[in-house]
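Let's take a friendly walk through a protein model together. Have a look at the sequence and the picture, and then read on.

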Amino acid sequence: KVREEGYVLTAEDEENIKNYYQRILQLELEAQANNQFELDYSQNQFKAKIANADAETTSKELKERRKYYDQKIVDNNAYYDTLIGNIKKDMANMTEVERAAAEEKIKNLEQEKQDKNRLYGEMWEEDYQTAVSGSEKIAEVVNKYSGEIFTNEDIEANKRFERMKSHYAGLNEI
């Protein structure tokens, strides 16, 4: 319309366009991140793969899941940081009332970002527990934080760590 009719955009038009664009981006991410069916399907698919897996297969699957959740967190952070950055950029042109509303919106977006990241962390923990629940041996040879199979040195270090932990248990109560 601007090009065809030679219409000149007003500041209000530009602000409306920015708001529509931000809302579209927000809806797009919510559709991806809040698609509980997709997340549940992914969890169930993982559980089916891991049901009778050996340590090698478990490690491979856990590494894939760790990579998946790490990417979800990166995407989530980028999305919310972009939304927050856009709001902060526009705050210079806002009235006091609009600025207060924008600050509240930023606070809410920060909380949403943390909540979604926490959800991904909880889902990783659930996947790890699912993977090791069938076999105590797997828990002893697969790293909880990366899904990697422990080297012999890692296993020995972990045994020493557990001995020290039990030796010093209760020290802070003295």
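Predicted model: local features only at pLDDT ≥ 70, side-chain atom pairs only at ≥ 80, totals over all residues.

Which residues make a nonpolar surface patch with Tyr 168? They are Met 164, Leu 171 and Ile 174, and with Tyr 168 they form a patch of about 510 Å².

## The chain as a whole

Now let's step back. The protein chain has seven helices and zero strands, so its elements, read from the N terminus, are simply α-α-α-α-α-α-α.

Of the 174 residues in the protein chain, 26% are buried. The accessible surface of the chain is about 12400 Å², and carbon and sulfur atoms account for 52% of that surface. What about contacts between residues with a separation of 6 or more? In the protein chain, 62% of these contacts link residues 24 or more positions apart.

Is Arg 65 buried or exposed? With 9% relative accessibility, Arg 65 is buried, because the cut-off for buried is under 20%. Arg 65 belongs to helix α4, which spans residues 55–90.

Setting aside neighbours within four places in sequence, Arg 65 is in contact with Ser 42, Gln 43, Phe 46, Trp 124 and Asp 127. Trp 124 turns up again with Arg 66: the charged end of Arg 66 sits over the ring of Trp 124, 4.7 Å from the ring's centre.

## Two pairs of tyrosines

How many aromatic pairs does the structure hold? There are two. One of them joins Tyr 68 and Tyr 69 in an edge-to-face pair, with 5.3 Å from centre to centre and 65° between the planes. Tyr 68 is partly exposed, at 24% relative accessible area, whereas Tyr 69 is buried, at 0% relative accessibility.

Tyr 79 and Tyr 80 also form a pair, with ring centres 5.1 Å apart. Why is this pair called edge-to-face? The planes of Tyr 79 and Tyr 80 are at 80°, and an angle over 60 degrees counts as edge-to-face. Tyr 79 is buried, with a relative accessible area of 11%, and Tyr 80 is buried too, with 1%.

Terms used: Residues numbered from 1 in each chain as written. Heavy atoms only, no water. Helix = DSSP H or I, 4+ residues; strand = E, 2+ residues; numbered from the N terminus. Buried < 20%, exposed > 50% of the residue type's maximum accessible area, 1.4 Å probe, protein only. Contact = heavy atoms within 4.5 Å. Areas by Shrake-Rupley, 256 points an atom, 1.4 Å probe, with all protein chains shown as cover. Patch = residues over 30% accessible without salt bridge, like charges linked within 9 Å, V, L, I, M, F, W, Y side chains within 5 Å. Salt bridge = Lys/Arg side-chain N within 4 Å of Asp/Glu carboxyl O. Phe/Tyr/Trp six-rings, centres within 6.5 Å; stacked < 30°, edge-to-face > 60°. Lys NZ or Arg CZ within 6 Å of the ring centre and 35° of its normal.
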